[in-house]
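Dear colleague,

Please find below the structure that I am handing over to you, followed by an account of what was found in it. I would be grateful if you read the two side by side.

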Amino acid sequence: MPEVIRFDNVSFRYPDDEEWIFEDLSLSINRGEKVVITGPSGSGKTTLLYLCNRLYPENCDGVVKGSVTLFNKESHSYSPGEVNHRIATVFQDPDAQFCMPTVEEELAFTLENLNVAREEMDGRIGDVLELTGLTEFRHSVIQQLSGGEKQRIATACALIMEPEVLLLDEPISHLDPYTAKQFIDWLDELQKKRSLTIFAIEHRLDLWGAFFDREIQLARINDTDHITKRLSSKQELLSLEVKKVGTESFLKDVSFTLNQGEVAILAGPNGSGKSTLLKALCHLIPTNGTVSPSNLGYVPQSPEFLFVTKTVREEIAFGGGARVEELLDRLQLATVACAHPFAVSHGQKRRVAIAAMLCDGREIILMDEPTSGQDAASMSELFKLIDERAKEGTTFLIVTHDMEFAFHVADSILLMKDGALTGKVNANQVWQDEQLLATHHLLQPKGWVQHELCFA
């Protein structure tokens with residue numbers, strides 16, 4: 001099969017940096033292949049994708065050595081935008097690629113940039129929404145959708161260009177397990193129908209099964225620290241009390257309590273209200289009801305919304321605390337301590353925000369998708385930090401679609417659906433109820449299955 005992407009001894013660095021992000025990288029991808037890139041957080045996976053779609057080096061003044069060839073033509077010889085209808089990208093943070101308020105307008109904007117005739121637009125929009133199962137969202141306001149729904153909209157925006165190559169940067173990181181499996185099955189069928197070439201970044205390959213033809217490792221992942229199921233540190237003393245918290249349009253009178261040292265996972269389908277609930281608890285959106293206490297630490301799904309300083313070290317130290325250097329080291333941020341928080345990788349941004357909250361010494365910490373973009377070593381250290389702080393009495397409420405992480409870390413699971421809290425379940429019991437899991441778009445984690453087999 002003909003090559004569509006080729007790298008020959010490619011090295012890349014940012015203009016103000018002395019060290020290369022990666023050096024002497026060579027690879028080739030053939031038409032119709034499904035290839036995944038893996039490697040530690042910050043190893044240059046996203047940078048590699050940006051060289052494939054020509055976002056880099058022009059848009060960051062990056063320094064490139066070696067040769068990048070796209071469709072048998074030197075990358076630098078393409079005029080701006082020339083290759084982008086053939087190579088479409090779904091970014092790690094879908095908010096970064098939206099320009100218009102509604103789904104229909106965003107899709108139309110994409111077609112306008114391709115000079116598609118206006119009389120063709122309506123049909124193209126309808127077709128791609130039907131293809132992606134998003135017809136009901138045609139007139140939705142994008143910023144009112146969940147992270148997972150935005151990810152699917154971003155994919156539709158890429159597909160409406162009818163590309164030959166689809167670049168995906170952790171496409172299932174914001175999808176609930178059930179929707180992620182549906183997305184992968186759908187993507188597999190789509191790839192076969194259109195003979196798409198798919199080049200993806202992924203940290204967690206377990207849900208992908210045999211989807212990818214081959215894997216390219218940018219650097220070896222340190223996965224020697226395996227996560228084991230933690231012992232509960234839940235105490236008798238009440239820590240967080242939520243009474244009938246809701247919003248006028250969606251959230252429905254949510255009530256629950258968490259004890260000191262308790263680690264609770266908030267889980268449910270995309271669009272069920274998990275992120276909305278965290279924002280309501282922090283008084284970031286208008287709500288009714290009461291939250292006691294109100295001084296909560298919060299790590300949002302888009303961590304850069306927190307950043308107010310010019311370096312990673314300053315960001316972590318901003319709220320006070322004496323453990324800055326320890327957290328820099330433990331969360332693999334020491335090498336980027338002097339970098340601007342906006343200039344590091346998505347996974348590193350998330351760890352910066354987590355470190356800032358941990359350094360603040362908050363008694364209650366809310367986290368929205370903290371495992372997104374994290375490699376095995378970072379996940380292991382995050383698990384240890386949560387366990388240590390919980391034993392010291394810190395209470396955690398964590399939104400995640402990563403059921404493996406949830407199985408190992410949680411004392412309790414709070415389940416949400418359609419804007420309502422449907423129950424709080426002991427973490428040792430929830431994995432047994434397959435019907436309950438299916439209702440909330442969750443899957444049994446491999447850790448639980450293996451645990452049950454050991455004691456069967």
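Which residues does Arg330 touch, not counting residues up to four places away in sequence? They are Glu381, Lys384, Leu385 and Glu388. Please note that the model is a predicted one.

Arg330 belongs to helix H8, which covers residues 324-330. Its relative accessibility is 15%, and Arg330 therefore counts as buried, the limit being under 20%. The side chain of Arg330 makes a polar contact of 2.9 Å with the side chain of Glu388.

Helix H10 runs over residues 376-391. Its 16 residues should span 22 Å at 1.5 Å a residue, and the C-alpha atoms at its ends are 23 Å apart, in agreement with that expectation. Is this helix mostly covered or mostly open? H10 is mostly covered, as 12 of its 16 residues are buried. Among them are Ala377, Met379, Glu381, Phe383, Leu385 and Asp387. The elements that cover the buried residues of H10 include H8, helix H9 (346-360) and helix H11 (403-409), together with strands S12 (263-267), S15 (364-368) and S16 (395-399).

Both ends of H10 have a feature to record. At its start, a side-chain oxygen of Asp375 comes to within 3.2 Å of the backbone nitrogen of Ala377. Just after the helix, Gly393 has a positive phi of about 110°.

Strand S8 consists of residues 197-201, and five of the five are buried, so the strand is largely enclosed by the rest of the structure. In a regular strand the side chains alternate between the two faces of the sheet. For S8, Thr197, Phe199 and Ile201 are on one side and Ile198 and Ala200 are on the other; both faces are covered.

S8 pairs with strand S3 (residues 34-38) in the parallel sense, over four bridges, and Val36 stands opposite Ala200 there. Strand S7 (residues 165-169) also runs parallel to S8 and is joined to it by five bridges. In that pairing, Asp169 is opposite Ile201. S7, helix H5 (residues 177-194) and S8 together make a right-handed β-α-β unit.

Six bridges connect S1 (residues 3-13) with S2 in the antiparallel sense, and Ile29 in S2 is the bridge partner of Ile5.

S10 (residues 238-246) and S11 run antiparallel and are joined by five bridges; Val242 stands opposite Phe256 in S11.

Most residues other than glycine have a negative phi, and most peptide bonds are trans. The following cases depart from this pattern.

- The peptide bond from Tyr56 to Pro57 is cis, with omega near 10°; Pro57 is in the loop between H1 and S4.
- The peptide bond from Ser292 to Pro293 is cis, with omega near -5°; Pro293 is in the loop between S13 and strand S14 (297-299).
- Asn72 has a positive phi, near 60°, and is placed in the loop between S4 and S5. With a relative accessible area of 63%, Asn72 is exposed.
- Glu162 has a positive phi, near 55°, and is placed in the loop between helix H4 (147-159) and S7. With a relative accessible area of 48%, Glu162 is partly exposed.

With kind regards

Definitions and conventions
Residues numbered from 1 in each chain as written. Predicted model: local features only at pLDDT ≥ 70, side-chain atom pairs only at ≥ 80, totals over all residues. Heavy atoms only, no water. Helix = DSSP H or I, 4+ residues; strand = E, 2+ residues; numbered from the N terminus. Buried < 20%, exposed > 50% of the residue type's maximum accessible area, 1.4 Å probe, protein only. Polar contact = N/O pair within 3.5 Å; in protein donor to acceptor, adjacent residues only side chain to side chain. Contact = heavy atoms within 4.5 Å. Expected span 1.5 Å × (residues − 1). Pairing = 2+ DSSP bridges. Right-handed = clockwise from strand over helix to strand, strands pointing away.
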